[in-house]
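Dear colleague,

I am passing on a structure that you have not worked with before, with the sequence and the model below. Please look it over first, and then read the notes that follow.

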Amino acid sequence: MFADAVISGSFTTPASGNAAQILQLPFIPDVFEIWVQGNAAGNNWTSAASPGPTKYAFWQKGMASGTALVTANTAGAATDTSVFLTTNGITPVQSAANLYGTQQPGSGITKATPAVMTLTNSNVYATGSVVLLEATTGALQFSGIPWSVVSTGATTYNLGITGNTFSSAGFAAAATNVVAQQVLYPSAFFPYISYITAITAAGGTVPGSSSYVVLGGQTGVTTSFPHGLSVGDSVRLIIPAPWGATQISGQQGIVTAVPDAITFAVTINSSAAAAFTFPTTAQAQAGVTWPQVIPFGDQAFAFDLSAIDLDYQGLIIGNSSTVGAAILSANSALCLWVAQKSARVYTSLTF
């Protein structure tokens with residue numbers, strides 16, 4: 001006897017923005033269908049666009065990731081329009097830590113405020129993406145860790161987050177080459193180890209957060225990508241030579257403030273510590289270990305600082321502000337879906 005697994009459900013797209021929607025499921029479907037039922041204004045897909053907004057989409061195992069066969073409503077037409085999406089369709093996903101996207105070559109990273117990375121291909125990363133940088137010729141201090149990026153043009157990206165970008169002005173030289181790979185699931189485990197790019201002693205202003213001055217007996221920390229910490233979390237700082245500030249390496253403290261996604265203050269007294277410094281290119285070439293923020297211990301009853309496995313499987317449903325360019329395009333749209341995992345899947349006409 002064969003038994004297919006079929007589940008169904010619904011969701012509403014966000015009220016603003018056009019982020020792809022993640023549907024977490026108990027399996028990777030062999031067949032997936034979705035019906036998009038208008039938007040919050042009651043607009044049941046009246047549009048002058050051709051093709052118009054998607055009303056129905058179909059994806060089956062064997063179709064390429066990111067594709068879908070969709071039916072789009074087209075105002076004024078006697079019949080709906082059938083479209084095959086090659087992007088922004090359905091992408092099956094099984095997350096795991098340390099999974100990376102395609103290698104993207106680039107011409108380098110500037111020695112400037114902010115540090116600007118230039119890649120060869122256009123529009124490969126969105127603002128907020130986390131990318132691993134390697135092969136940074138002439139400035140190996142950039143290499144070997146993930147960085148958040150802010151898209152500033154077709155091929156240019158600031159290192160950091162919006163409102164708080166990294167300055168490499170103190171480096172001896174710019175990077176004359178770079179290879180970037182997107183970290184596909186940076187939050188597979190939470191909270192997670194992050195990497196330190198700046199230390200601010202008591203009395204100093206945390207970079208990128210002009211309103212926050214580090215209190216006495218505390219230390220401000222800036223990381224290369226979002227640290228995921230909250231006030232009350234316990235962390236340990238690891239700062240190897242030759243990064244400076246080694247006097248506070250190994251110390252544990254409680255997070256007291258989180259000015260933004262890549263900065264926090266912690267109850268570690270750095271008043272007597274040396275200044276935090278980046279190694280030279282020669283030192284980096286010889287091999288260095290990056291300074292790290294390590295979640296430590298547990299808090300209260302919820303084991304707040306124990307590592308939580310956030311791996312998931314399911315589907316990513318494409319979304320775009322351009323009508324007709326994705327399965328989803330309208331805000332506050334009710335979506336009904338059915339996913340099926342078949343007991344038998346035939347890949348030929350011979351049974």
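**What was found**

The secondary structure of the protein chain comes to one helix and 23 strands, where helices (H or I, at least four residues) and strands (E, at least two) are DSSP runs, numbered from the N terminus. Please keep in mind that this is a predicted model, in which local features need pLDDT of at least 70 and side-chain atom pairs count only at pLDDT 80 or more, while totals for chains, interfaces and linings use all residues. Residues are numbered from 1 along each chain as its sequence is written, and side-chain values use heavy atoms, with hydrogens and water left out.

Of the 351 residues of the protein chain, 42% count as buried, a word that stands for under 20% relative accessible area, with exposed meaning over 50% and partly exposed in between (1.4 Å probe, protein chains only). The chain exposes about 16100 Å², of which carbon and sulfur atoms supply 55%; such areas come from the Shrake-Rupley method with a 1.4 Å probe, and for residues only the protein chains shown count as cover. Among contacts (heavy atoms within 4.5 Å) in the protein chain with a separation of 6 or more, 69% are between residues 24 or more positions apart.

The largest nonpolar core has 42 residues, and those that touch the most other members are I109, M117, L133, F142, L159, L237 and F264. A nonpolar core is here a set of buried Ala, Val, Leu, Ile, Met, Phe, Trp, Tyr and Cys residues joined through side-chain atoms within 4.5 Å. Strands that each supply at least two residues of this core include β8 (116-119), β9 (130-134), β10 (146-151) and β11, and β9 gives the most, with four residues. Leaving aside neighbours within four places in sequence, F142 is in contact with residues including I109, L133, W147, L159 and F166. A second, separate core of 23 residues includes L25, L315, I317 and A333.

N158 lies in strand β11 (residues 156-161) and counts as buried because its relative accessibility is 13%. Not counting residues up to four places away in sequence, N158 touches P114, A115, V116, S148, V149, V150, T152 and T165.

Turning to strand pairing (two strands pair if DSSP finds at least two bridges between them), strand β5 (residues 67-72) and strand β6 (residues 81-94) pair in the antiparallel sense over six bridges, and the bridge partner of A72 in β6 is T81. Five bridges join β6 to strand β22 (residues 313-317), and these two run antiparallel; the partner of P92 in β22 is L315. A68, which is placed in β5, counts as buried because its relative accessibility is 0%. A68 and F84 are 16 residues apart in sequence and 5.9 Å apart in space, C-alpha to C-alpha.

Finally, the largest pocket has a volume of about 900 Å³, and of the 35 residues that line this pocket, the closest to its centre are A20, I22, Q182, L184 and I316. On a 1 Å grid over the protein atoms alone, a pocket is an open set of points where a 1.4 Å probe fits, with protein on both sides within 12 Å along at least five of seven lines, and lining residues have an atom within 4 Å of a point. Grid points are joined across faces, edges and corners, and the volume is the space filled by probe spheres set on the points. β6 gives the most to the lining of the largest pocket, with seven residues.

With best regards
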